[in-house]
Amino acid sequence: MDGLPPPDVLVRYGGNLPRYTSYPTAAQFDATVGAAEADAWLRAVPAGTPVSLYLHVPFCDVLCLFCGCNTSVVRDAGLRAGYAELLIDELQRVAARLGPGRPVRHIQWGGGTPTTLPPESMCAVMETIRRLFAVEADAEIAIELDPRFLPADYPPLLGALGFNRASLGVQDLDPAVQAASGRIQSLEQTEDCVRRMRAAGIGSINVDLIYGLPYQTVEGAGDTALTVADMLRPDRLAVFGYAHVPWKQKRQALLPEGALPPPAERLAQRARIDAALRSAGYRAIGLDHYALPGDALCHAAETGTLRRNFQGYTVDPAPVLVGIGASAISSFPQGMTQNVPAQAFYARAMEASPDSLPAVRGVCRSDDDRLRGAVIERLMCDLRVDPVAMGLSHGAPASWYDSARPALRQAEADGLVVLDGSLIRVTEEGRPFLRNIAAMFDGHHAPAGVRRHAGAL
(Lines give C-alpha, C1' and ligand atoms only; values in the text may rest on other atoms or scores of the structure.)
Protein backbone atom coordinates (compact mmCIF):
# COMPACT_ATOMS: atom_id res chain seq x y z
CA MET A 1 0.00 0.00 0.00
CA ASP A 2 1.90 3.06 -1.26
CA GLY A 3 -0.24 5.83 0.22
CA LEU A 4 -3.02 6.34 2.71
CA PRO A 5 -6.64 6.36 1.53
CA PRO A 6 -8.58 9.63 1.59
CA PRO A 7 -10.48 10.59 4.77
CA ASP A 8 -13.89 9.64 3.39
CA VAL A 9 -12.69 6.08 2.78
CA LEU A 10 -11.41 5.85 6.36
CA VAL A 11 -14.82 6.98 7.60
CA ARG A 12 -16.69 4.61 5.28
CA TYR A 13 -14.71 1.57 6.41
CA GLY A 14 -14.42 2.39 10.09
CA GLY A 15 -16.46 0.77 12.82
CA ASN A 16 -15.94 -2.53 14.60
CA LEU A 17 -15.46 -5.86 12.84
CA PRO A 18 -14.51 -9.48 13.59
CA ARG A 19 -11.12 -10.84 12.54
CA TYR A 20 -12.93 -13.64 10.67
CA THR A 21 -10.83 -16.50 12.02
CA SER A 22 -14.09 -18.47 11.92
CA TYR A 23 -17.59 -18.17 10.55
CA PRO A 24 -19.94 -17.72 12.25
CA THR A 25 -17.69 -15.78 14.60
CA ALA A 26 -17.47 -16.30 18.36
CA ALA A 27 -19.92 -13.41 18.80
CA GLN A 28 -22.66 -15.84 17.72
CA PHE A 29 -21.78 -18.46 20.35
CA ASP A 30 -24.41 -19.12 23.03
CA ALA A 31 -25.37 -21.72 25.61
CA THR A 32 -27.85 -23.53 23.34
CA VAL A 33 -24.85 -25.43 21.93
CA GLY A 34 -22.49 -27.22 24.30
CA ALA A 35 -21.33 -30.59 25.57
CA ALA A 36 -24.02 -32.65 23.84
CA GLU A 37 -23.18 -31.20 20.44
CA ALA A 38 -19.42 -31.56 21.03
CA ASP A 39 -20.00 -35.22 21.91
CA ALA A 40 -22.15 -35.90 18.85
CA TRP A 41 -19.86 -34.05 16.44
CA LEU A 42 -16.75 -35.85 17.69
CA ARG A 43 -18.46 -39.23 17.29
CA ALA A 44 -19.60 -38.27 13.78
CA VAL A 45 -16.07 -37.61 12.43
CA PRO A 46 -15.61 -40.31 9.74
CA ALA A 47 -13.09 -43.04 10.53
CA GLY A 48 -9.62 -42.20 9.26
CA THR A 49 -10.33 -38.47 8.91
CA PRO A 50 -7.37 -36.51 10.32
CA VAL A 51 -7.94 -33.97 13.07
CA SER A 52 -5.85 -31.18 14.56
CA LEU A 53 -5.36 -30.40 18.23
CA TYR A 54 -5.12 -27.05 19.97
CA LEU A 55 -4.10 -27.04 23.64
CA HIS A 56 -4.68 -23.86 25.64
CA VAL A 57 -2.60 -22.98 28.69
CA PRO A 58 -4.12 -19.91 30.41
CA PHE A 59 -1.10 -19.00 32.54
CA CYS A 60 1.44 -16.20 32.16
CA ASP A 61 4.31 -14.95 34.31
CA VAL A 62 3.30 -11.33 33.69
CA LEU A 63 0.14 -9.98 32.05
CA CYS A 64 0.65 -7.76 29.00
CA LEU A 65 -1.87 -4.90 29.12
CA PHE A 66 -2.72 -5.15 25.40
CA CYS A 67 -3.52 -8.88 25.48
CA GLY A 68 -7.12 -9.98 24.91
CA CYS A 69 -6.60 -13.67 25.73
CA ASN A 70 -8.07 -15.63 28.64
CA THR A 71 -4.98 -15.69 30.88
CA SER A 72 -3.95 -15.12 34.48
CA VAL A 73 -0.76 -15.11 36.54
CA VAL A 74 -0.43 -18.37 38.51
CA ARG A 75 2.74 -18.93 40.55
CA ASP A 76 1.76 -22.24 42.13
CA ALA A 77 3.63 -25.05 40.34
CA GLY A 78 1.21 -27.58 41.80
CA LEU A 79 -1.76 -25.80 40.23
CA ARG A 80 0.06 -25.69 36.88
CA ALA A 81 0.81 -29.41 37.10
CA GLY A 82 -2.80 -30.07 38.08
CA TYR A 83 -3.97 -28.20 34.99
CA ALA A 84 -1.80 -30.46 32.81
CA GLU A 85 -3.54 -33.46 34.38
CA LEU A 86 -6.87 -31.95 33.33
CA LEU A 87 -5.57 -31.60 29.76
CA ILE A 88 -4.66 -35.29 29.82
CA ASP A 89 -8.12 -36.14 31.15
CA GLU A 90 -9.84 -34.15 28.41
CA LEU A 91 -7.61 -35.69 25.73
CA GLN A 92 -8.70 -39.12 26.93
CA ARG A 93 -12.37 -38.13 26.76
CA VAL A 94 -11.94 -36.77 23.24
CA ALA A 95 -10.00 -39.84 22.04
CA ALA A 96 -12.70 -42.14 23.42
CA ARG A 97 -15.24 -40.44 21.15
CA LEU A 98 -13.01 -40.24 18.06
CA GLY A 99 -11.83 -43.82 18.32
CA PRO A 100 -8.31 -45.27 18.64
CA GLY A 101 -5.46 -44.25 16.36
CA ARG A 102 -7.07 -41.09 14.98
CA PRO A 103 -4.56 -39.36 12.62
CA VAL A 104 -3.33 -35.95 13.81
CA ARG A 105 -1.66 -33.50 11.39
CA HIS A 106 -1.20 -30.40 13.53
CA ILE A 107 -0.67 -29.85 17.25
CA GLN A 108 -0.70 -26.24 18.45
CA TRP A 109 0.06 -25.15 22.01
CA GLY A 110 -1.18 -21.64 22.80
CA GLY A 111 -2.10 -19.44 25.68
CA GLY A 112 -1.04 -17.73 27.75
CA THR A 113 2.40 -19.21 27.92
CA PRO A 114 2.53 -23.01 27.55
CA THR A 115 6.07 -23.19 28.95
CA THR A 116 4.65 -22.20 32.35
CA LEU A 117 3.78 -25.89 32.69
CA PRO A 118 6.43 -27.89 34.57
CA PRO A 119 8.66 -29.78 32.09
CA GLU A 120 7.47 -33.15 33.38
CA SER A 121 3.87 -32.04 32.79
CA MET A 122 4.62 -31.03 29.20
CA CYS A 123 6.22 -34.44 28.67
CA ALA A 124 3.21 -36.23 30.15
CA VAL A 125 0.74 -34.40 27.91
CA MET A 126 2.78 -34.99 24.74
CA GLU A 127 3.24 -38.66 25.64
CA THR A 128 -0.53 -38.93 26.11
CA ILE A 129 -1.17 -37.41 22.68
CA ARG A 130 1.20 -39.85 21.00
CA ARG A 131 -0.36 -42.77 22.87
CA LEU A 132 -3.96 -41.86 22.09
CA PHE A 133 -3.55 -40.53 18.55
CA ALA A 134 -1.54 -41.41 15.44
CA VAL A 135 0.60 -38.28 15.09
CA GLU A 136 1.73 -38.17 11.46
CA ALA A 137 5.47 -38.22 10.80
CA ASP A 138 5.44 -34.79 9.15
CA ALA A 139 2.94 -33.23 11.54
CA GLU A 140 3.46 -29.62 12.50
CA ILE A 141 3.91 -29.35 16.28
CA ALA A 142 3.99 -25.72 17.34
CA ILE A 143 4.15 -23.70 20.54
CA GLU A 144 3.85 -20.07 21.63
CA LEU A 145 6.73 -18.68 23.71
CA ASP A 146 7.52 -15.66 25.84
CA PRO A 147 11.24 -14.87 25.37
CA ARG A 148 11.36 -13.17 28.78
CA PHE A 149 10.36 -16.33 30.64
CA LEU A 150 11.78 -19.32 28.78
CA PRO A 151 13.23 -21.87 31.26
CA ALA A 152 16.75 -23.03 30.38
CA ASP A 153 15.72 -26.66 30.08
CA TYR A 154 12.73 -26.03 27.82
CA PRO A 155 14.31 -25.58 24.33
CA PRO A 156 16.08 -28.99 24.33
CA LEU A 157 12.95 -30.55 25.84
CA LEU A 158 10.78 -29.18 23.03
CA GLY A 159 13.24 -30.46 20.45
CA ALA A 160 13.19 -33.92 22.03
CA LEU A 161 9.37 -33.93 22.08
CA GLY A 162 9.19 -33.29 18.34
CA PHE A 163 8.25 -29.61 18.24
CA ASN A 164 9.22 -28.06 14.92
CA ARG A 165 7.73 -24.56 15.03
CA ALA A 166 7.74 -21.83 17.66
CA SER A 167 6.00 -18.46 17.77
CA LEU A 168 7.20 -15.62 19.96
CA GLY A 169 5.97 -12.13 20.58
CA VAL A 170 8.09 -9.02 20.03
CA GLN A 171 5.30 -6.47 19.43
CA ASP A 172 7.52 -3.33 19.38
CA LEU A 173 11.11 -2.57 20.39
CA ASP A 174 10.56 1.06 21.43
CA PRO A 175 11.11 1.32 25.24
CA ALA A 176 8.30 3.89 25.62
CA VAL A 177 5.82 1.63 23.83
CA GLN A 178 6.95 -1.37 25.88
CA ALA A 179 6.60 0.50 29.16
CA ALA A 180 3.09 1.73 28.33
CA SER A 181 2.04 -1.75 27.18
CA GLY A 182 3.37 -3.62 30.19
CA ARG A 183 5.81 -5.74 28.21
CA ILE A 184 9.48 -4.91 28.76
CA GLN A 185 11.49 -7.16 26.44
CA SER A 186 14.95 -6.41 25.12
CA LEU A 187 16.18 -7.33 21.66
CA GLU A 188 18.91 -9.37 23.36
CA GLN A 189 16.31 -11.50 25.17
CA THR A 190 14.54 -12.18 21.90
CA GLU A 191 17.77 -12.97 20.05
CA ASP A 192 18.76 -15.40 22.81
CA CYS A 193 15.37 -17.12 22.62
CA VAL A 194 15.61 -17.55 18.85
CA ARG A 195 19.18 -18.82 19.11
CA ARG A 196 18.27 -21.40 21.74
CA MET A 197 15.25 -22.63 19.79
CA ARG A 198 17.26 -22.96 16.58
CA ALA A 199 19.99 -24.84 18.48
CA ALA A 200 17.32 -27.22 19.80
CA GLY A 201 16.31 -28.12 16.24
CA ILE A 202 13.15 -26.02 16.00
CA GLY A 203 13.18 -25.41 12.26
CA SER A 204 10.53 -22.71 11.89
CA ILE A 205 10.29 -19.49 13.89
CA ASN A 206 7.38 -17.05 13.80
CA VAL A 207 7.50 -13.56 15.30
CA ASP A 208 4.47 -11.47 16.23
CA LEU A 209 4.47 -7.69 15.78
CA ILE A 210 1.70 -5.28 16.77
CA TYR A 211 0.84 -1.82 15.48
CA GLY A 212 -1.57 0.64 17.05
CA LEU A 213 -0.06 0.49 20.57
CA PRO A 214 0.22 3.52 22.88
CA TYR A 215 2.97 5.97 21.87
CA GLN A 216 3.81 3.89 18.80
CA THR A 217 4.99 5.87 15.77
CA VAL A 218 5.23 5.15 12.07
CA GLU A 219 9.01 5.40 12.16
CA GLY A 220 9.29 3.23 15.29
CA ALA A 221 7.03 0.52 13.90
CA GLY A 222 9.07 0.39 10.70
CA ASP A 223 12.36 0.28 12.60
CA THR A 224 11.11 -2.63 14.71
CA ALA A 225 10.09 -4.57 11.60
CA LEU A 226 13.45 -3.96 9.89
CA THR A 227 15.43 -4.90 13.00
CA VAL A 228 13.45 -8.11 13.50
CA ALA A 229 13.75 -9.05 9.82
CA ASP A 230 17.49 -8.35 9.64
CA MET A 231 18.69 -9.60 13.01
CA LEU A 232 16.28 -12.45 13.83
CA ARG A 233 15.35 -13.53 10.29
CA PRO A 234 12.19 -15.43 11.32
CA ASP A 235 10.60 -17.73 8.77
CA ARG A 236 7.23 -16.05 9.29
CA LEU A 237 5.78 -12.95 10.89
CA ALA A 238 2.28 -12.08 12.01
CA VAL A 239 1.55 -8.33 12.08
CA PHE A 240 -1.56 -7.61 14.12
CA GLY A 241 -3.41 -4.38 14.67
CA TYR A 242 -3.91 -3.88 18.39
CA ALA A 243 -7.51 -4.79 19.27
CA HIS A 244 -8.75 -2.33 21.89
CA VAL A 245 -11.74 -3.96 23.63
CA PRO A 246 -11.60 -2.75 27.26
CA TRP A 247 -15.30 -3.60 27.71
CA LYS A 248 -14.30 -7.26 27.21
CA GLN A 249 -10.74 -7.32 28.60
CA LYS A 250 -10.50 -5.16 31.72
CA ARG A 251 -6.68 -5.00 31.80
CA GLN A 252 -6.75 -2.92 28.61
CA ALA A 253 -8.39 -0.10 30.57
CA LEU A 254 -4.96 0.41 32.19
CA LEU A 255 -3.46 1.50 28.87
CA PRO A 256 -3.16 5.26 28.28
CA GLU A 257 -6.09 5.49 25.87
CA GLY A 258 -5.21 9.03 24.84
CA ALA A 259 -1.88 7.76 23.50
CA LEU A 260 -3.49 5.22 21.13
CA PRO A 261 -2.94 6.21 17.48
CA PRO A 262 -6.06 7.03 15.40
CA PRO A 263 -7.05 4.91 12.36
CA ALA A 264 -5.04 6.93 9.81
CA GLU A 265 -1.92 6.64 11.94
CA ARG A 266 -2.52 2.91 12.47
CA LEU A 267 -2.76 2.39 8.70
CA ALA A 268 0.44 4.38 8.20
CA GLN A 269 2.22 2.18 10.74
CA ARG A 270 0.91 -0.91 8.99
CA ALA A 271 2.07 0.40 5.62
CA ARG A 272 5.56 1.16 6.96
CA ILE A 273 5.85 -2.35 8.45
CA ASP A 274 4.62 -3.85 5.18
CA ALA A 275 7.22 -1.92 3.16
CA ALA A 276 9.99 -2.88 5.58
CA LEU A 277 9.20 -6.59 5.48
CA ARG A 278 8.78 -6.70 1.70
CA SER A 279 12.11 -4.93 1.27
CA ALA A 280 13.67 -7.59 3.51
CA GLY A 281 12.46 -10.34 1.18
CA TYR A 282 9.22 -11.40 2.85
CA ARG A 283 6.01 -12.06 0.96
CA ALA A 284 2.64 -10.78 2.18
CA ILE A 285 0.16 -13.54 3.07
CA GLY A 286 -3.52 -12.74 3.46
CA LEU A 287 -4.43 -9.90 5.79
CA ASP A 288 -1.50 -9.77 8.18
CA HIS A 289 1.06 -12.55 7.75
CA TYR A 290 4.45 -12.60 6.03
CA ALA A 291 6.73 -15.47 5.09
CA LEU A 292 10.04 -16.09 3.37
CA PRO A 293 9.89 -17.55 -0.15
CA GLY A 294 9.93 -21.32 0.08
CA ASP A 295 8.07 -21.39 3.39
CA ALA A 296 5.04 -23.70 3.46
CA LEU A 297 2.78 -20.71 4.08
CA CYS A 298 3.95 -19.13 0.80
CA HIS A 299 3.39 -22.39 -1.06
CA ALA A 300 -0.13 -22.67 0.34
CA ALA A 301 -0.91 -19.07 -0.66
CA GLU A 302 0.39 -19.69 -4.17
CA THR A 303 -1.57 -22.93 -4.64
CA GLY A 304 -4.85 -21.79 -3.10
CA THR A 305 -4.61 -24.19 -0.15
CA LEU A 306 -4.07 -21.58 2.57
CA ARG A 307 -6.52 -21.90 5.47
CA ARG A 308 -7.60 -19.63 8.30
CA ASN A 309 -8.65 -20.70 11.79
CA PHE A 310 -8.49 -19.50 15.40
CA GLN A 311 -4.68 -19.58 15.30
CA GLY A 312 -4.58 -17.35 12.20
CA TYR A 313 -3.28 -18.45 8.80
CA THR A 314 -2.27 -22.08 8.52
CA VAL A 315 -1.41 -24.83 6.05
CA ASP A 316 -3.48 -27.28 8.10
CA PRO A 317 -6.06 -28.98 5.83
CA ALA A 318 -7.79 -31.00 8.57
CA PRO A 319 -11.59 -30.48 8.59
CA VAL A 320 -11.78 -30.82 12.39
CA LEU A 321 -9.90 -28.79 15.01
CA VAL A 322 -10.30 -30.02 18.58
CA GLY A 323 -9.64 -27.49 21.34
CA ILE A 324 -8.37 -28.83 24.67
CA GLY A 325 -8.29 -26.78 27.88
CA ALA A 326 -10.01 -23.75 29.39
CA SER A 327 -11.70 -21.48 26.79
CA ALA A 328 -10.42 -23.64 23.89
CA ILE A 329 -12.61 -23.66 20.77
CA SER A 330 -13.31 -26.71 18.62
CA SER A 331 -14.40 -26.46 14.99
CA PHE A 332 -16.42 -29.09 13.10
CA PRO A 333 -18.28 -29.02 9.79
CA GLN A 334 -21.52 -28.91 11.82
CA GLY A 335 -20.48 -25.99 14.04
CA MET A 336 -18.20 -24.85 16.83
CA THR A 337 -18.02 -25.32 20.59
CA GLN A 338 -16.07 -23.56 23.32
CA ASN A 339 -14.94 -24.91 26.68
CA VAL A 340 -15.54 -23.28 30.04
CA PRO A 341 -13.45 -20.08 29.85
CA ALA A 342 -11.85 -19.63 33.29
CA GLN A 343 -9.31 -22.15 34.57
CA ALA A 344 -11.01 -22.61 37.95
CA PHE A 345 -14.43 -23.19 36.39
CA TYR A 346 -12.91 -25.49 33.78
CA ALA A 347 -11.41 -27.60 36.58
CA ARG A 348 -14.77 -27.74 38.37
CA ALA A 349 -16.58 -28.73 35.19
CA MET A 350 -14.11 -31.55 34.52
CA GLU A 351 -14.38 -32.85 38.08
CA ALA A 352 -18.17 -32.53 38.30
CA SER A 353 -18.86 -34.59 35.16
CA PRO A 354 -16.10 -37.21 34.76
CA ASP A 355 -17.53 -38.66 31.55
CA SER A 356 -18.65 -35.52 29.71
CA LEU A 357 -16.94 -32.76 27.76
CA PRO A 358 -16.38 -29.25 29.21
CA ALA A 359 -17.97 -27.38 26.27
CA VAL A 360 -20.51 -24.80 27.46
CA ARG A 361 -21.28 -22.64 24.43
CA GLY A 362 -21.08 -22.69 20.67
CA VAL A 363 -22.97 -22.35 17.42
CA CYS A 364 -24.42 -24.64 14.76
CA ARG A 365 -23.60 -23.93 11.13
CA SER A 366 -26.48 -23.69 8.67
CA ASP A 367 -26.06 -24.34 4.94
CA ASP A 368 -26.01 -20.57 4.46
CA ASP A 369 -23.27 -20.25 7.11
CA ARG A 370 -21.14 -22.84 5.33
CA LEU A 371 -21.43 -20.99 2.03
CA ARG A 372 -20.71 -17.58 3.54
CA GLY A 373 -17.87 -19.02 5.61
CA ALA A 374 -16.29 -20.56 2.51
CA VAL A 375 -16.46 -17.24 0.62
CA ILE A 376 -15.06 -15.29 3.59
CA GLU A 377 -12.19 -17.75 4.05
CA ARG A 378 -11.18 -17.58 0.39
CA LEU A 379 -11.29 -13.78 0.47
CA MET A 380 -9.16 -13.70 3.62
CA CYS A 381 -6.69 -16.26 2.22
CA ASP A 382 -6.60 -15.70 -1.55
CA LEU A 383 -7.79 -12.08 -1.83
CA ARG A 384 -10.12 -13.28 -4.56
CA VAL A 385 -13.30 -15.31 -4.85
CA ASP A 386 -16.09 -16.07 -7.28
CA PRO A 387 -19.24 -16.04 -5.13
CA VAL A 388 -21.40 -17.28 -8.03
CA ALA A 389 -19.23 -20.36 -8.58
CA MET A 390 -18.97 -20.87 -4.82
CA GLY A 391 -22.74 -20.59 -4.52
CA LEU A 392 -23.30 -23.16 -7.27
CA SER A 393 -21.03 -25.62 -5.44
CA HIS A 394 -23.27 -25.16 -2.37
CA GLY A 395 -26.52 -25.39 -4.32
CA ALA A 396 -27.32 -21.66 -4.10
CA PRO A 397 -28.51 -19.42 -6.96
CA ALA A 398 -26.38 -16.62 -8.39
CA SER A 399 -28.59 -14.13 -6.56
CA TRP A 400 -27.60 -15.44 -3.09
CA TYR A 401 -25.33 -12.46 -2.37
CA ASP A 402 -27.39 -9.70 -4.00
CA SER A 403 -27.45 -7.75 -0.74
CA ALA A 404 -23.63 -7.42 -0.89
CA ARG A 405 -23.47 -6.03 -4.42
CA PRO A 406 -23.96 -2.31 -3.59
CA ALA A 407 -21.15 -2.44 -1.01
CA LEU A 408 -18.92 -4.28 -3.48
CA ARG A 409 -19.53 -1.63 -6.13
CA GLN A 410 -18.62 1.07 -3.61
CA ALA A 411 -15.46 -0.85 -2.71
CA GLU A 412 -14.57 -0.98 -6.40
CA ALA A 413 -15.09 2.78 -6.69
CA ASP A 414 -12.79 3.21 -3.69
CA GLY A 415 -10.08 1.12 -5.37
CA LEU A 416 -10.28 -1.74 -2.86
CA VAL A 417 -11.52 -4.46 -5.22
CA VAL A 418 -11.78 -5.19 -8.92
CA LEU A 419 -15.04 -6.77 -10.11
CA ASP A 420 -14.56 -8.94 -13.19
CA GLY A 421 -17.90 -10.53 -13.96
CA SER A 422 -18.66 -12.52 -10.83
CA LEU A 423 -15.00 -12.64 -9.78
CA ILE A 424 -13.96 -10.37 -6.89
CA ARG A 425 -10.26 -9.54 -6.64
CA VAL A 426 -8.93 -7.53 -3.73
CA THR A 427 -6.29 -4.97 -4.73
CA GLU A 428 -3.10 -4.29 -2.76
CA GLU A 429 -4.76 -1.05 -1.65
CA GLY A 430 -7.65 -3.15 -0.42
CA ARG A 431 -5.55 -5.64 1.56
CA PRO A 432 -5.77 -3.64 4.84
CA PHE A 433 -9.55 -3.58 4.34
CA LEU A 434 -9.99 -7.34 3.94
CA ARG A 435 -12.14 -7.58 7.06
CA ASN A 436 -14.44 -4.90 5.66
CA ILE A 437 -14.79 -6.78 2.39
CA ALA A 438 -15.40 -10.07 4.19
CA ALA A 439 -18.08 -8.38 6.31
CA MET A 440 -20.09 -7.74 3.14
CA PHE A 441 -20.85 -11.48 3.14
CA ASP A 442 -21.46 -11.76 6.89
CA GLY A 443 -25.11 -12.63 7.53
CA HIS A 444 -24.66 -12.18 11.29
CA HIS A 445 -22.84 -8.84 11.26
CA ALA A 446 -23.90 -6.65 14.17
CA PRO A 447 -25.76 -3.43 13.35
CA ALA A 448 -23.96 -0.11 13.63
CA GLY A 449 -23.40 1.00 17.20
CA VAL A 450 -23.22 -2.49 18.69
CA ARG A 451 -19.78 -3.09 20.22
CA ARG A 452 -18.75 -6.71 19.80
CA HIS A 453 -15.35 -6.40 18.15
CA ALA A 454 -12.27 -4.22 17.84
CA GLY A 455 -11.91 -1.43 15.29
CA ALA A 456 -11.74 -2.47 11.66
CA LEU A 457 -8.61 -0.49 10.73
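Visitor: Is S327 buried or exposed?
Guide: This is a predicted model, in which residues are numbered from 1 along each chain as its sequence is written, local features need pLDDT of at least 70, side-chain atom pairs count only at pLDDT 80 or more, and totals for chains, interfaces and linings use all residues. Side-chain values use heavy atoms, with hydrogens and water left out. Buried means under 20% relative accessible area, exposed over 50%, and partly exposed in between (1.4 Å probe, protein chains only). The relative accessibility of S327 is 8%, so S327 counts as buried.

Visitor: Which loop holds L383, and what is its phi near?
Guide: L383 lies in the loop between α12 (367-382) and β17. With a relative accessible area of 9%, L383 is buried. L383 is a residue other than glycine with a positive phi, near 60°.

Visitor: Which residues does V385 contact beyond its sequence neighbours?
Guide: V385 belongs to strand β17 (residues 384-385). Its relative accessibility is 4%, so V385 counts as buried. Contact means heavy atoms within 4.5 Å. Leaving aside neighbours within four places in sequence, V385 is in contact with V375, R378, L379, M390, S422, L423 and I424.

Visitor: How far apart are the C-alpha atoms of V385 and V375?
Guide: V375 is one of the contacts of V385. The two are 10 residues apart along the chain, and their C-alpha atoms are separated by 6.6 Å.

Visitor: What does L42 touch, and which helix is it in?
Guide: At 3% relative accessibility, L42 is counted as buried. Not counting residues up to four places away in sequence, L42 touches V94, R97, L98, V322, F332 and L357. The helix that holds L42 is α2 (residues 35-43).

Visitor: How far is L42 from F332 in space?
Guide: F332 is among the residues that L42 touches. They are 290 residues apart in sequence, and C-alpha to C-alpha they are 8.2 Å apart in space.

Visitor: Which residues does N206 touch?
Guide: N206 is in strand β7 (residues 204-211). It counts as buried, at 6% relative accessibility. Residues up to four places away in sequence are not counted, and those touched by N206 are R165, A166, S167, L168, R236, L237 and A238.

Visitor: Which peptide bonds are cis?
Guide: Most peptide bonds are trans. P24 is in the loop between α1 (7-12) and α2, and G112 is in the loop between β4 (102-111) and α4 (119-132). Among the cis bonds are the one from Y23 to P24, with omega near -10°, and the one from G111 to G112, with omega near 15°.

Visitor: How many disulfides does the structure hold?
Guide: A disulfide is counted as a pair of cysteine sulfur atoms within 2.5 Å. For C298, which is in no disulfide, the nearest cysteine sulfur is that of C381, 14 Å away. C298 is buried, with a relative accessible area of 2%, and C67 counts as buried at 19% relative accessibility. The number of disulfides in the structure is 0.

Visitor: What is the radius of gyration of the protein?
Guide: The secondary structure comes to 15 helices and 19 strands. The radius of gyration is taken over C-alpha atoms, and the globule rule is 2.2 Å times the number of residues to the power 0.38. For 457 residues that rule gives 23 Å, and the protein is close to it, so it is as compact as a globular protein of that length, with a radius of gyration of 21 Å.

Visitor: What percentage of the residues counts as buried?
Guide: The C-alpha atoms fill a box of roughly 55 × 55 × 40 Å, taken along the principal axes. Of the 457 residues, the buried percentage is 58%.

Technical notes:
Helices (H or I, at least four residues) and strands (E, at least two) are DSSP runs, numbered from the N terminus.
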